[in-house]
Every structure is written in structure tokens, then in C-alpha cells.
Amino acid sequence: MRAVNRTQLPAKIQNYLQMKQARVHEDVKNHTLDIAVSWNQARQTKSIRDLLVVLKEMAGARERCMYCVDSHGCDIDHFRPKAHFPEVAFEWSNLLLCCSECGRLKGSQFPLENGLPQLIDPCIENPWEHLDFDPQTGCITARFNVHDNRWSNKGVKTVEILQLDKREALSNGYKLTLKRLSRIISDAVQGGRITVAELLAHLFEEDDHGLLGWCFGAGASVFPFSKMRDEFPHEWNECKLHVDHLN
């Protein structure tokens with residue numbers, strides 16, 4: 001999972017969403033709302049098709065799902081499920097790009113704790129604050145917070161709902177990305193001289209799964225990232241600052 005920068009919508013699409021949301025509020029007052037019908041009708045319009053294009057652009061050149069970052073994002077997901085939260089069904093901040101598998105697994109699940117979401121929203125937070133990665137299995141797991149002496153509840157719920165630790169194809173994809181990133185780092189270290197801008201450009205080009213946030217975080221103790229950190233501390237810190245800034 002990687003952090004995603006939510007862009008500003010073109011005015012025409014934003015106006016359409018506001019109009020649709022106002023209509024939802026009116027239907028709620030009149031007890032006539034069928035949010036499934038309302039969304040399905042809107043889904044056929046040019047405005048929502050154009051919105052999907054914006055989401056795909058936000059997801060990067062490979063248009064990956066914003067939850068698993070492995071499969072092609074093909075549909076719009078309501079972060080807060082529209083069946084339970086119709087008041088934000090047409091809010092731009094509530095819409096994400098997802099693949100069919102993540103959409104099916106998530107469904108209308110949306111755990112809350114003290115009224116706060118316990119599912120990671122990649123558009124407003126750094127997923128690696130709640131997630132960890134097992135380089136041996138390729139599985140995404142919840143992060144253990146040493147300071148709090150407990151597992152991140154958001155991490156636990158996100159992994160559980162999206163089954164990030166049980167999807168073999170997804171794990172294989174993450175392992176392949178780690179292999180490519182490791183090779184780039186190894187080659188740079190063995191070369192004896194690291195140009196940060198060139199290294200970062202190469203790393204981001206090969207990072208299909210948003211793993212750099214882990215590599216320069218919890219993965220810093222794993223070879224070959226640990227070798228770069230120890231032998232090229234200045235370059236390592238520059239790379240880490242850049243990666244952290246993007247997350």
C-alpha cells in the first residue's frame with residue numbers, strides 16, 4: 001500500500017458531485033432515498049466516468065488499486081460504504097480507485113473505534129505507519145508499535161478485511177518488487193558512489209507496490225538496505241527524507 005496524493009477535481013465534476021450529494025440529502029429528508037439506485041444511475045454519466053479517469057491518474061502510470069497496489073484499479077470504491085454513509089456517497093474525499101478483488105473483500109465493511117475509521121485511507125495517511133511487510137513471505141501484516149506495546153489496530157483491521165496476508169498472487173507481486181529494489185540498492189552500494197537523484201529515480205520507477213516506504217522505514221535493518229544505511233549514511237538520509245515526504 002502506498003500514500004496517494006488526492007488531486008483537485010475539475011470544477012465541472014465537482015459541481016456534479018455537489019448537485020448529486022444535495023439531492024441525496026433531500027431524498028433522506030423525504031424518506032425516498034435508494035442510494036444504490038442513485039449511485040448506479042450516476043455511474044453511467046460522463047461526469048463519473050471522467051472522475052474515474054482522475055482517480056486512475058492519481059494512482060500512477062500503472063493505475064494500481066489504492067488498497068492492494070497490485071491489481072489494476074478498475075472501479076470506484078466508497079471508503080465509507082455508501083450503504084451506511086449515504087451522506088458522503090458523492091463526496092470526492094470518500095472516493096478511491098480499487099480492483100475487483102479488494103472491492104469484493106471490503107464490501108460494506110467499515111470498522112470504527114470511538115467513531116474513527118479503523119481502515120487505512122491512503123489519501124490522508126501514510127499506510128506504513130500501520131502496516132509492516134514480511135520479506136520472506138511477501139505478506140503485508142499489521143505493524144507492531146513498540147512505544148505503545150501493541151499492534152496497530154488500523155493495520156490489523158486493514159489486513160484482515162483486505163486479506164493482505166492471504167492472497168498468494170499479491171504476495172508474489174510484492175516479493176518481485178522487493179527483489180528489484182534490493183538489486184538496485186545492491187548495485188549502487190557495490191559501485192562505491194551513490195548519486196541520490198539518479199538512485200531515487202530508478203527506485204521509484206521500479207516500485208510497483210509502494211514498498212519504498214517500508215524499505216526506508218521498518219526495512220532499514222534488512223540487507224541490502226542496512227548496508228546502504230551503514231556505509232552511505234548521508235545518501236541514505238537524503239533518500240529517506242524524500243521517501244518520507246512523499247508518504
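A pocket is an open set of grid points where a 1.4 Å probe fits, with protein on both sides within 12 Å along at least five of seven lines. The legends below describe close-up views of a predicted model.

**View 1. The second largest pocket.** About 240 Å³ of space lies in this pocket. Its lining consists of 16 residues, and those nearest the centre are Ile76, Asp77, His78, Lys82 and Gly107. Two or more lining residues come from each of α2 (35-43), β1 (75-78) and α4 (100-106). The most are given by β1, with four residues. By type, the lining divides into six nonpolar, five polar and five charged residues.

**View 2. The largest pocket.** The volume of the largest pocket is about 520 Å³. Among its 23 lining residues, Arg2, Ala3, Met58, Ala59 and Gly60 are the closest to the centre. The elements α8 and α10 each give two or more residues to this lining. The lining comprises 12 nonpolar, six polar and five charged residues.

**View 3. The two sides of helix α7.** Within α7 (residues 196-206), Val196, Leu199, Leu200 and Leu203 are buried. Seen down the axis of α7, the buried residues fall within an arc of 95°, so they line one face of the helix. Ala197 and Glu198, on the other side of α7, are exposed. The cover over the buried residues of α7 includes α6 (168-191), α8 (212-215), α9 (225-231) and α10 (233-246).

**View 4. The largest nonpolar core.** This core has 71 residues, of which Leu51, Tyr67, Trp92, Leu199, Leu211 and Met228 touch the most other members. Helix α6 gives the most to the core, with eight residues. Among the contacts of Trp92 are Leu9, Leu17, Leu51, Val54, Leu55 and Met58.

Key:
Residues numbered from 1 in each chain as written. Predicted model: local features only at pLDDT ≥ 70, side-chain atom pairs only at ≥ 80, totals over all residues. Heavy atoms only, no water. Buried < 20%, exposed > 50% of the residue type's maximum accessible area, 1.4 Å probe, protein only. Arc of directions from axis to C-beta. Contact = heavy atoms within 4.5 Å. Core = buried A, V, L, I, M, F, W, Y, C linked by side-chain atoms within 4.5 Å. 1 Å grid on protein atoms, 1.4 Å probe; cavity = no way out; pocket = protein on both sides within 12 Å on 5 of 7 lines; lining within 4 Å. Points joined across faces, edges and corners; volume = space filled by probe spheres on them. Nonpolar A, V, L, I, M, F, W, Y, C, P; charged D, E, K, R; others polar. Lists of a residue's contacts leave out its neighbours within four places in sequence.
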